[in-house]
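Biologist: I would like to learn how to read a structure like this one. Please take the features in turn.

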Amino acid sequence: MSGASSINVGSYDVHVGAGLLDRAGEIIRTAAPAHRYVIISDANVAPLYAARLRDAVGSAQSELLTIPAGEAHKTRELWSHLTDDLLAAGYGRDTTILALGGGVIGDLAGFVAATYMRGIPFVQLPTTLLAMIDASIGGKTGVDTPAGKNLVGAFHRPRAVIADPAVLATLPPNHLRSGIAEAVKHGAIADAAYYAATNTELPRLLANPASSAMRSLIIRSIEIKASIVLQDEREGGIRRNLNFGHTLGHAIESESGYRLLHGEAIAIGMVLEALLGERLGVTASGTAKRLRDTLTRAELPATIPKDLDLKRILLATHGDKKAREGATEYALVAEIGRAIAGVRAPDETVLEVLTQSVSAQ
Ligand SMILES: NC(=O)c1ccc[n+]([C@@H]2O[C@H](COP(=O)([O-])OP(=O)(O)OC[C@H]3O[C@@H](n4cnc5c(N)ncnc54)[C@H](O)[C@@H]3O)[C@@H](O)[C@H]2O)c1
Ligand SMILES: [Zn+2]
């Protein structure tokens, strides 16, 4: 297809190209032929893009289910509402679900597809940068519970992923920057040249999210994540590299009461974990500074918000099953472009780094 690229992720392809939303019908019908198509979207995305997707797959053959926007709705309650709606309307196994939205929609609609009649096909049409380069790749679906995020779910691969960068033009800028943080992570763990190119292109990427520079970024990030999950779909080995910045990042995200977006917390987490690696002697010195400079250029935060309690952040890192005997396992970088997983860091060293981050402000 002209102007579009395809990246193979094992059993399915990810298609990236401006304008693909209007040409999605052919890809969807080929990858997931179905009697009927159900589009699941949220209240922000549906008014902007659902009509175009319905036109592309055929309005007579498709229906739209819209749910409220936001992480608060990635729940079992919404999963059961959606499932009950499908059952009431008599949808059978010859149905394909089209997940049109950010990571919340991808995870929730994917989980509906994974479980409906023991699993029906679905296609992801990610509309945030984070969903394009991260959430829609790797086959994880699921919902949040009061005990924590993503605790109930299933592995269920989409039949195809269709990413149209043109839709990023309407994405709120803070969500765009949040996605950029994951792209920076991909460069940091796997590709020094990609890291450098992203750093150079940052002003252009932020000013024009539908540019060809963004298209290149999306493609390279998908290639990196895809190659990692293809080697390790269920997270025993190399997939852990993707957790760089995430042990401290998740702790900061939850301690902030989710005031910080995921990518904002991960930006802080990457700088802190680079400092940690430098202190432990596993990360080349100067790495934390490079990350801080890049993330600041991306208008992302790089230090812990002053009102957060450092001891509670440390405690939150123990939430991971990784914590054993006063030390937690981290996925760090040896240098920009090269990951090193399974590094055990003593609590007292982590606390020193957290303290250093706050006093550096
Ligand atoms: N399955 C995985 O492997 C995986 C990986 C990373 C993250 N995730 C999940 O992804 C979720 C976060 O995804 P997200 O950041 O995309 O959040 P999101 O789905 O909440 O989208 C962010 C906001 O942007 C709006 N929006 C989306 N696309 C838009 C567009 N093109 N124009 C205007 N507004 C738009 C949404 O309505 C929402 O308000 C989390 O639940 C996280 O757990 C999953
Ligand atoms: Zn992340």
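Biologist: Which residue in the turn of the hairpin of strand 1 and strand 2 has a positive phi?

Modeller: This is a predicted model. Gly10 has the positive phi, about 75 degrees, and the hairpin leaves two residues between strand 1 and strand 2.

Biologist: In which sense do strand 1 and strand 2 pair?

Modeller: Strands of a sheet pair through backbone hydrogen bonds, either parallel or antiparallel. Strand 1 and strand 2 are antiparallel, with five bridges. One residue pair to look for is Val9, whose bridge partner in strand 2 is Tyr12.

Biologist: Is the pairing of strand 2 and strand 9 parallel or antiparallel?

Modeller: Strand 2 and strand 9 (residues 160–163) are parallel, over four bridges. His15 has Ile162 of strand 9 as its bridge partner.

Biologist: In what order do the strands of the open sheet lie?

Modeller: The order is 1-2-9-6-5-3-4, seven strands with mixed pairing. From one strand to the next, the twist averages 20 degrees.

Biologist: Why is one side of strand 1 and of strand 4 left without a neighbour in the sheet?

Modeller: Strand 1 and strand 4 (62–67) are at the edges and each has a single partner strand, so one side of each has no neighbour in the sheet. When you look along any strand, remember one general point. In a regular strand the side chains alternate between the two faces of the sheet.

Biologist: Which strands does helix 2 lie across?

Modeller: Helix 2 lies across strand 3 (36–42), strand 4, strand 5 (95–101) and strand 6 (122–126), and runs at about 165 degrees to strand 3. Helix 8 (residues 212–231) lies across strand 1, strand 2 and strand 9, at about 15 degrees to strand 1.

Biologist: At what angle do helix 6 and helix 10 pack?

Modeller: Two packed helices are described by the angle between their axes and the distance between the axes. For helix 6 (residues 173–190) and helix 10 (residues 262–280) the angle is about 35 degrees and the axes are 7 Å apart. Their crossing is left-handed.

Biologist: Which residues of helix 6 meet helix 10?

Modeller: Helix 6 brings Arg177, Ser178, Gly179, Ala181, Glu182, Lys185 and Ala188, which meet His262, Gly263, Glu264, Ile266, Ala267 and Met270 in helix 10. By class, the residues of this contact are five nonpolar, four polar and four charged.

Biologist: What are the domains of the chain?

Modeller: The domain assignment gives domain 1 (5–170) and domain 2 (174–359). Taken over C-alpha atoms, their centres are separated by 27 Å. In the contact, 22 residues of domain 1 meet 22 residues of domain 2.

Biologist: Which elements give two or more residues to the side of domain 1 that touches domain 2?

Modeller: They are strand 1 (5–9), strand 2 (12–16) and helix 5 (129–135). Helix 5 supplies the largest share, five residues. That side of domain 1 has 16 nonpolar, five polar and one charged residues.

Biologist: How many residues surround ligand 1, and which are the closest?

Modeller: There are 28 residues around ligand 1, and the closest are Asn44, Gly102, Gly103, Val104 and Thr128. Helix 2 (45–57), helix 4 (103–115), helix 5 and strand 8 (148–155) each give the shell at least two residues. By class, the shell has ten nonpolar, eleven polar and seven charged residues.

Biologist: How many bridges join strand 10 and strand 11?

Modeller: Strand 10 (residues 327–335) and strand 11 (residues 338–346) are antiparallel over seven bridges. Ala327 has Pro346 in strand 11 as its bridge partner. This hairpin has two residues between the strands, and Gly337 takes a positive phi near 105 degrees.

Methods. Residues numbered from 1 in each chain as written. Chains lettered and ligands numbered in written order. Predicted model: local features only at pLDDT ≥ 70, side-chain atom pairs only at ≥ 80, totals over all residues. Domains from an automatic or database assignment. Contact = placed C-beta atoms within 7 Å. Nonpolar A, V, L, I, M, F, W, Y, C, P; charged D, E, K, R; others polar. Axes fitted to C-alpha atoms, helices over the stretch in contact; angles between N-to-C directions. Left-handed = near helix turned anticlockwise from the far one by under 90°. Near = placed C-beta within 6 Å. Pairing = 2+ DSSP bridges.
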